[in-house]
Amino acid sequence: MTITIFRNFVDNRQTTCPIDRNEIKSDDLKPASRLLNSFLNRLNIRCDFNEFGCNSIITLESLSAHVSQCNYNPEKALPCEKGCGILLTVKQKSGHNCVLEDILVTIDNQNERIANLEKILEKNNAFIHQRLEALEKKNDSFKQLEIKYKLLENKYERLASCVSQLTLNSSGLNTGILALEENQSLSTSNG
Ligand SMILES: [Zn+2]
Ligand SMILES: [Zn+2]
């Protein structure tokens, strides 16, 4: 693996040996000794995606495994952070029109509308309560009037019976007066 990377490196640019400054060609390269390989493998290096924000320091040995899993790999698709479940690469993320975000905004708007409607409902309830209280007061005064009317009705009935009693008494008195007058006229004619 390491030799392949070096071969690509050497093929892509002109490289000279740091000791004798002779040009190095990929065919000159030979696999490193096991000792050197194990030394290189234990070297700590930065992740390939350090410039994209990955701060991981790993051994050369574990670099390829890390790179294939690294969340900062611009080609790696990760689930949308807004929670819609769509897998997106870094590039796709910037152009992603998240449906969930729209839904959340709609829910926010609906919640605001519900809160406003609840306020209106509360005001209406207070108004209805006031009207009911006023109606109850009116009902109370109507009941009092009814009681007064019943009392007056009773008084009128008692008065009526008194009047009829008086009428009966006065007719008896009239009969007595007539009888007295008759007796008086008889005694005058006899005398
Ligand atoms: Zn990384
Ligand atoms: Zn999304």
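The protein chain holds five helices and six strands, and from the N terminus on these elements follow one another in the order α-β-β-α-β-β-α-β-β-α-α. With a radius of gyration of 58 Å, well over the 16 Å that the globule rule gives for 191 residues, the chain is more spread out than a compact globule. The C-alpha trace tells of this in another way, spanning about 195 × 30 × 20 Å along its principal axes.

This is a predicted model, and its confidence should be kept in mind while reading on. The average pLDDT of the protein chain is 88, and 94% of the residues score at least 70. Among the elements, strand β4 (residues 57–59) has the highest mean pLDDT, 94, whereas helix α1 (residues 2–12) has the lowest, 64. Where pLDDT is low, the predicted coordinates should not be read in detail.

Helix α5 covers residues 99–190, and its 92 residues reach 134 Å from the first C-alpha to the last, close to the 136 Å expected at 1.5 Å a residue. This helix is hardly covered, for the count of buried residues among its 92 residues is zero. In the protein chain as a whole, buried residues make up 1% of the 191 residues. Of the contacts between residues at least 6 apart in sequence, 6% join residues at least 24 apart.

The C-alpha atom of Asn37 is separated by 10.0 Å from that of Leu60, a residue 23 residues apart from it along the chain.

Key:
Residues numbered from 1 in each chain as written. Chains lettered and ligands numbered in written order. Predicted model: local features only at pLDDT ≥ 70, side-chain atom pairs only at ≥ 80, totals over all residues. Helix = DSSP H or I, 4+ residues; strand = E, 2+ residues; numbered from the N terminus. Expected span 1.5 Å × (residues − 1). Buried ≥ 20, exposed ≤ 12 C-beta atoms within 10 Å, placed from the backbone. pLDDT = per-residue confidence, 0-100. Rg over C-alpha atoms; globule rule 2.2 N^0.38 Å. Contact = placed C-beta atoms within 7 Å.
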